[in-house]
Amino acid sequence: MARRRQALSAQELPLPKRTRIFTVVNQKGGVGKTTTAVNLAAALAQAGARVLVLDLDPQGNASTALGIDHHADVMSTYDVLIDGEPLAAAIAISPQSDRIQVVPSTIHLAGADLELAGMERREHRLREALDAHLRDLGEPPHYVFIDCPPSLGLLTINAFTAATEVLLPIQCEYYALEGVSQLLDTIGRIQAHLNPKLDVSTVLLTMFDGRTLLSRQVVDEVRSHFPEQTLEAVIPRSVRVSEAPGYGQTVIAYDPNSPGALSYREAAAEIARRGAA
């Protein structure tokens, strides 16, 4: 642990020359998707990057973890998608870092799929809002993370259309790859018809328990399926990671020296270096 902390503190992460837009997605629930989105955002902000987090999950867990109010009356991703409000009007600054901007979600998003269904260019609404926002900025964010709901509805399709990269968290449990083939098939159709720039660039293994043979087998299986995309960093099962959202924090802020925080910082460093390469 001490060597890992020393290595992280000694390195300076490269910043991308243009904004990298990740959609963090897995239609299977409970895989650490939101936890991954917010902790990578926090780790990259700690390293000096400007980060924008778009919360597209009606549960609003990403907003909670970053300390942002997301009651029904606040401006949110719902207003951007359904009412066409500018993204800048819904942005809030996380109390954890002034380098983390958040567009929260609200419970109104729960019915957004139905409302989007009858709209023109329904798959492009988030992309158009995000493109317009980035064009207006003198200093655009280095990273955008879009936290998706655990489904493949129109909210997730909007995220795919707006992003350039897919970050796929996979938990080290039974049936880890179940449903991934369906997700990859959906991504293939998005690439063919809506967003040819979309790339499954990053796979992150979560909830790893080194004491069990199962976890090690899942790691080997995922690495064999995604040899280029899978990060070397692996996120362990950690009580601190689970506790942090209850305090309205990421684990990076809640317990920066915990194994979970160090692992997310290592994953963020790897993402930054891969982007620079």
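Colleague: A pocket is an open set of points on a 1 Å grid over the protein atoms alone, where a 1.4 Å probe fits and protein lies on both sides within 12 Å along at least five of seven lines; lining residues have an atom within 4 Å of a point. Which residues lie nearest the centre of the second largest pocket?

Modeller: This is a predicted model, in which local features need pLDDT of at least 70, side-chain atom pairs count only at pLDDT 80 or more, and totals for chains, interfaces and linings use all residues. Residues are numbered from 1 along each chain, and side-chain values use heavy atoms, without hydrogens or water. Thr-19, Ile-21, Asp-131, Leu-134 and Thr-164 lie nearest the centre of the second largest pocket, which 13 residues line. Helix H7 (125-135) and helix H8 (154-162) each give two or more residues to that lining; helices are DSSP runs of at least four residues and strands of at least two.

Colleague: Which helix has the largest share of that lining?

Modeller: H7 has the largest share, with three residues. The space in the second largest pocket is about 360 Å³, counted as that filled by probe spheres set on the points.

Colleague: How do the axes of H7 and H8 cross?

Modeller: Their axes come within 7 Å and cross at roughly 40°. H7 is therefore oblique to H8, since angles under 35 degrees count as roughly parallel, over 145 as roughly antiparallel, 65 to 115 as roughly perpendicular and the rest as oblique. In H7, Arg-125, Leu-126, Arg-127 and Leu-130 make the contact, and in H8 the partners are Asn-158, Ala-159, Thr-161 and Ala-162. Contact means heavy atoms within 4.5 Å.

Colleague: New topic. What volume has the largest pocket?

Modeller: Its volume is about 500 Å³. The largest pocket is lined by 30 residues, and Gly-32, Lys-33, Thr-34, Thr-35 and Met-207 are the closest to its centre.

Colleague: Which elements supply at least two residues of its lining?

Modeller: They are helix H2 (33-46), helix H3 (61-65), strand E7 (199-208), strand E8 (230-236) and helix H11 (239-243). H2 gives the most, with five residues.

Colleague: And how do H2 and helix H13 cross?

Modeller: Helix H13 covers residues 259-276, and its axis comes within 9 Å of that of H2, with a crossing of roughly 70°. The two helices are therefore roughly perpendicular to each other.

Colleague: Which residues of H2 and H13 meet?

Modeller: From H2 come Thr-35, Thr-36, Asn-39, Leu-40, Ala-43, Leu-44 and Gln-46, which meet Tyr-264, Arg-265, Ala-267, Ala-268, Ile-271 and Ala-272 of H13.

Methods
Axes are lines fitted to C-alpha atoms, for helices over the stretch in contact, and angles run from 0 to 180 degrees between N-to-C directions.
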